[in-house]
Amino acid sequence: MTQSVFIQNPSPLAAQPPSPGGEHPLPRNAGRAIEMDWIDEIRINLSAAERRVASLPGRRTVKKDAQAAWLLKAITCIDLTTLNGDDTTERVKRLCAKAKAPVRGDLLERLGFAGRELHTGAVCVYHRFVATAVEALEGSGIPVAAVSTGFPAGLVPHDLKLKEIEASVRDGAEEIDIVITREHVLTGDWRALYAEVRDFRAACGDAHLKTILATGDLKTLRNVAKASMVCMMAGADFIKTSTGKEGVNATLPVTLAMLRMIRVYQERTGYQIGFKPAGGISTAKDVLNYQFLMKEELGRDWLEPDLFRIGASSLLADIERQLEHHVTGHYSAFNRHPVG
């Protein structure tokens, strides 16, 4: 039977009572044998998807204290990232310091948040800086995520990809953000994609695997949905939209396609899979729309950092500006909120 991926009725999962945030008793995704029927049956109604996300800003909005609370929650889900050719050890150390104290203490005090722990979900860097970040974050509880497998293009030999993953894990990375070989998706070679991601999962060991689909390169939402399903069957802990280096990165229609696949996979296997949009999410307004869509499609659990991450570099500065405006009534310059 062919399953309709896009419907306009409320999600059955979103209608369930929320479980306490951060409590996820289900085990880590073990993956399963590839099911070609699950892939072949996927259909996408593009116009329905576009209507669904276009209606979001008009239906969902939060103001004042409620908005501040949503933005503070968003901070805990940010993978604070630097992936530039001119990265340095000192820049990574500054980024780690910001991850540990993402909002100025005077703002937190005026928000009634003084004395409470607040930090980003992770720090994301190239392999070269994993050990530096691990040392800088020692004792903070913040994991280091390493981009791997020939990021961002992923066009290096497979054995070198596995060695890079293993090296980052040895250096202390607890999360590995890999890039898939887009050719497997574009040619419909789903077994090759499955085998590739299965190998990546094995190389990660106890480190969590985030699979970057590079959705801007995959041409269609159907390809995005099918690649999402294959990666979850292969054992991915998270599926992620983009490297941030493509011409088109995270979008709400792409997010909807991926969230619907997460929902189908959970219904069939019982496993909860995380989601990470990345690239182009630079304002507080942007991130709120992603949070709203997560809540509506998957429920309260997916607002916590063990199931939701946002790959971003400049987003944190804008969130801090919005929080300052909330408590003072004035916007400040971006240079008052340095990130790295």
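**Salt bridges and a helix pair**

Author: A network of salt bridges links Arg52, Arg59, Arg60, Arg260, Arg263, Glu296 and Glu297. The model is predicted, so local features need pLDDT of at least 70 and side-chain atom pairs count only at pLDDT 80 or more, while totals for chains, interfaces and linings use all residues. Residues are numbered from 1 along each chain as its sequence is written, and side-chain values use heavy atoms, with hydrogens and water left out.

Reader: What is a salt bridge, and how many does a search of the whole structure find?

Author: The term denotes a side-chain nitrogen of Lys or Arg within 4 Å of a carboxyl oxygen of Asp or Glu. The search of the whole structure finds 29 salt bridges. In one of them, the side chains of Arg268 and Glu41 meet with N and O 2.3 Å apart. Arg268 belongs to helix α12 (residues 252–269) and Glu41 to the loop between α1 (36–40) and β2 (42–43), so this pair ties together parts that are 227 residues apart in sequence. Helices (H or I, at least four residues) and strands (E, at least two) are DSSP runs, numbered from the N terminus.

Reader: Is Glu41 buried or exposed?

Author: Buried means under 20% relative accessible area, exposed over 50%, and partly exposed in between (1.4 Å probe, protein chains only). Glu41 is buried, at 14%, whereas Arg268 is partly exposed, at 31%.

Reader: Which residue forms a salt bridge with Arg52?

Author: The partner is Glu297, with 2.9 Å between the closest N and O atoms. This pair links distant parts of the chain, 245 residues apart: Arg52 is in helix α2 (residues 46–54) and Glu297 in helix α13 (residues 284–298). Arg52 is buried, with a relative accessible area of 11%, and Glu297 is also buried, at 2%.

Reader: At what angle do helix α4 and helix α14 pack?

Author: Axes are lines fitted to C-alpha atoms, for helices over the stretch in contact, and angles run from 0 to 180 degrees between N-to-C directions. Helix α4 (residues 64–75) packs against helix α14 (residues 315–328) at about 155 degrees, with the axes 10 Å apart. That makes the two helices roughly antiparallel (over 145 degrees).

Reader: Which residues of α4 and α14 meet?

Author: Contact means heavy atoms within 4.5 Å. Among those in α4 are Ala68, Leu71 and Leu72, and α14 contributes residues including Leu316, Ile319 and Leu323.

Definitions and conventions. Angles under 35 degrees count as roughly parallel, over 145 as roughly antiparallel, 65 to 115 as roughly perpendicular and the rest as oblique.
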